[in-house]
Amino acid sequence: MKHLLILASLFATALPATSKPLKVFILAGQSNMEGHAKIETFDYIGDDPATAPLLKQMRGADGKPAVCNHVWISYLTGMGEENGEGFGKLTAGYGSRQKPDQDGGKIGPEFTFGLTLDAVLNEPVLIIKTAWGGKSLHTDFRPPSAGAYELNDYQRKFYYGPKGHGVPEDMTQWLADKKKDTGHYYRLMVEHVKRVLADPKRVCPAYDASAGYEIAGFAWLQGWNDMVDGHTYPDRGKSGRFAVYSDLLAHFIRDVRNDLGAPKLPFIIGVMGVGGAKAGADTVAFREAMTAPSLLPEFNGNVFAVPTSPFWSEELGAIDDKRQQVRQMGFYLNSKHKDHANADGHMTEEQKREYLKQFETKLISSAEVALWQRGASNAGYHYLGCSKTFAQMGKAFAEALLRKPSTASAEIKEGEMAGYLFGPAEKVPEEFNGGFSLYAAAWPLVGTYPGHKFQTGLCGTWMHPQWTDAQKPKEKCYTDIEGGLGWWRDTHFPTTTPKFIMGGVGPNFSFIANGPGYGAGTWEKPRGQYGVAQLSPWLLFPLDGLNLKQGTKGELFGYGYLPLPLTNPKATTAGKNVPTGNHCWTLFLNTANFKGPATFFTPFFWTQAIVEHPEWGGLLLDSRPAGPNKAIQMETQHVPAVLNSQHARVAPTSFPVGPDGTSTVLHRLTAYKKAALWDEVQKWFDGGAPADGAIKAEASAVHAFREGGGSNWSIYPPGTKREEKVPLAWSAFATSFTPNPITFGYKWNEQLTRTGDGLVTLPEYYQLGTNARNKPQWAVMQPKDVPADLGLTQHRFVTPPEKPQEPRTTPDDAESCWKKPGPKAGPFKAKLGDGSVVTYYWYRFADQPAMLNADLTDAEREQVQARVEKLHRTWTKERNYLTPPDVGTLASIDPALILTPPKGLEIGYVPIATRQELEAP
């Protein structure tokens, strides 16, 4: 140390005189601010072209760690009560230390933090670092204004309950110790900073007393001991679990500024990055809690959250996961676990060591062993002791503090990402005009439900009437079936799991039907609520759309529409001399727990519009076949984003991902001839043999997918004109592909996306640039390259506060079609995974409200009743109707919607939802 001080003095005399105040930066935290990356791992930094330049900066011409020209450091650390100071010119070795005043052979963030300052400022800089391992914010660094540590409800109940693991033996002593420990390291930190600043020249010989000093920034890297404390922060998995930490950190920032007399001191929060992109839910929640203070208005423009997860080594993390499996196996052997090799305890210590050695050799390759030795030197909670991680971290902290405070964060405004993804499919002959089916992947597109502005469909299609050029209406007549999986603004009970709606659209959106009792209009003026009839006795279709099982993540949802001759053609419609056909377009499902016909559009749903537009008679889906060559797209109308004129961030958006790292989104798009099912069913209804419901293969044509398609997803603020919306660089991170001719999916750029828990998350950050045609385009930015003072990294996409959704109801009037003739059994209740409760009754099929509003006479309804009873007896829900998929697994409908009819109502009766509301707390 004496030698270092002599060198420091020599270097100081070589500096030119300066009248600038000495810039002082403070680093504080626990073990990761200490730093556990051994210098021996430096070579690993050079293996990556992106960080190789940083390694050159970290080494001198002699290959040894560089010594900063103009940066000095004072470092207070220690173990227990044995604290001490190391100081001198900044170089490697000021990481974790066994003895505070001796080089520990490790680095933390301080090394590249100082190197970055040195390169930019070229003037004297003093770093004051205080760090101790295993210290919490809730107790050890607790700021004075937060008050005394108080037990929460969980602790009061647990600590004063029965004695056991985790319960203090002596509460009086525990409370006394807690009082003594509270704020102890906060006080040590502040006292040391003040002691150094009382005589800066002791540490920094270049200090000019006439110019003084300025405290130019503070960086905080801490959190592990708070994150893993299940007593101070109970309620694992619940929203707001770590809110107390956010509050404590805000107090900490205020108190540091007050105690050091720097009311606007720029402050960096190094956000917990352990686990990287694959971190668990609790770690992600803690990251959000660490970020929260930077979003407070009082800290706008001078408190910045800098994520450290982008600097985590994913490849070393994967090896560490395997090392953990080896450690776990050692535990199994020592504990004589019943499912493992030493269950009977016969193994000697030598045999256990040999078994573990072989187990490790099979699990971890020699290349992985070499990579680990090159890049890692500690445990996962210490960022694997990887110098590449700590080097990038320190650089990022310095760069964030070097940026001049700006109002950029105030310029950030809300926007959205919207547009289409396109799935190109080969055409099939036009005679395959009798409906379609497909398998669409179902998954949570966003990680947090963003409120009722959110509207997007997953991959699907539109089924329009097939017209020749001569038949096409002269005036606009848009009509189709365009439902599918997704989220809609009028959904009352949404979650991140998609729902399914039928999406029947009458001419020019005059009528919309999404399911039984669910459509446009009001009950006083219905415009589609009676457009869909319930067909299956085994499936309940809620008033808010059909629920999938919560947690669905990439499974395939099979659905399609084929016409059934349930009704007969009519020469009149609503008493007018215009015809109604008998195409009852029936929803067929293929899921893990329900298969077969579920519901159908009544023909009158389509033709009620022709009462006022008789020129459309015979041209709508009640009569016309369906065009077989449909657009295949994913329509996104709103995913939240924030942006300014040059930068943007999109809410975390994900796709399902398989073991091979690719995503399957569509499979087996099939077009049918009308004869695929219709002819056999018509013969059956006319008195012939029962139709088995099997769709004829020879009357089916499967579309072949091809690569390409692309995207026009764009990011823009509200009110942007269509031609001014700027697309994002989709092809930079996504490539469409066809693993087989009837499957469509995507491959992903592993450097720009992150994968975990069955999902691949797309890039969040973008910078405005231009494409190859010199047109504006949002280009992907790596999180580590996003300037902290923009406010983008601090922004949190959360579910906005909204009033509880009103129940979905149906008419309660005793004279209404819901009561006359009314149900035969009920009420019954189904509790769904979306938190709602559906009240339903069992109606005779012909007496359900949709059939009473289908423009059918009593005799016509009874004829349909007889036909449906035939279906109920013969077509069960366990067998296949649609051809099963060749890939993946089938999604499940919410199990609460799979019903068994009451005794005596098995044939000819159907469940009808009459009310849906949030479950009472």
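Helix axes are lines fitted to C-alpha atoms over the stretch in contact, and angles between N-to-C directions run from 0 to 180 degrees. Helices (H or I, at least four residues) and strands (E, at least two) are DSSP runs numbered from the N terminus. The model is predicted, so that local features need pLDDT of at least 70 and side-chain atom pairs count only at pLDDT 80 or more, whereas totals for chains, interfaces and linings use all residues. Residues are numbered from 1 along each chain as its sequence is written, and side-chain values use heavy atoms, with hydrogens and water left out.

**Figure 1. Packing of helix α8 against helix α11.** Helix α8 (residues 184–198) and helix α11 (residues 243–259) cross at roughly 30°, and their axes come within 11 Å. The two helices α8 and α11 are therefore roughly parallel to each other (angles under 35 degrees count as roughly parallel, over 145 as roughly antiparallel, 65 to 115 as roughly perpendicular and the rest as oblique). The crossing of α8 past α11 is right-handed, a term used if the near helix is turned clockwise from the far one by less than a right angle, and left-handed if anticlockwise. Tyr-186, Met-189, Val-190 and Lys-194 of α8 make the contact with Phe-252, Asp-255, Val-256 and Asp-259 of α11, where contact means heavy atoms within 4.5 Å. The residues of this contact of α8 with α11 comprise 5 nonpolar, no polar and 3 charged (Ala, Val, Leu, Ile, Met, Phe, Trp, Tyr, Cys and Pro count as nonpolar, Asp, Glu, Lys and Arg as charged, and the others, Gly among them, as polar).

**Figure 2. Packing of helix α5 against helix α16.** Helix α5 (residues 110–121) and helix α16 (residues 387–402) pack with their axes 7 Å apart, at an angle of about 45°. Helices α5 and α16 are therefore oblique to each other, and α5 passes α16 in a right-handed crossing. On the α5 side, the residues that meet α16 include Phe-113, Leu-117 and Val-120; those of α16 include Phe-390, Gly-394 and Leu-401. The contact of α5 with α16 draws on 10 nonpolar, 3 polar and 2 charged residues.

**Figure 3. The nonpolar cores.** A nonpolar core is a set of buried Ala, Val, Leu, Ile, Met, Phe, Trp, Tyr and Cys residues joined through side-chain atoms within 4.5 Å; buried means under 20% relative accessible area, exposed over 50% and partly exposed in between, with a 1.4 Å probe and protein chains only. The largest such core has 137 residues, and Tyr-561, Phe-655 and Trp-730 have the most contacts inside it. Leaving out residues up to four places away in sequence, Tyr-561 touches residues including Phe-436, Met-463, Ile-481, Phe-500 and Trp-585. Another core, of 105 residues, lies apart from the largest one, with Phe-87, Phe-141, Phe-286 and Leu-401 among its members.

**Figure 4. The surroundings of Thr-491.** Thr-491 lies in the loop between β15 (484–487) and β16 (499–501). With a relative accessible area of 4%, Thr-491 is buried. Apart from residues up to four places away in sequence, Thr-491 touches His-452, Lys-499, Asp-544, Gln-805 and Arg-808.

**Figure 5. The surroundings of Glu-123.** Glu-123 belongs to the loop between α5 and β6 (125–131). The relative accessible area of Glu-123 is 9%, and this residue is buried. Beyond its neighbours within four places in sequence, Glu-123 is in contact with Lys-20, Pro-21, Lys-23 and His-70.
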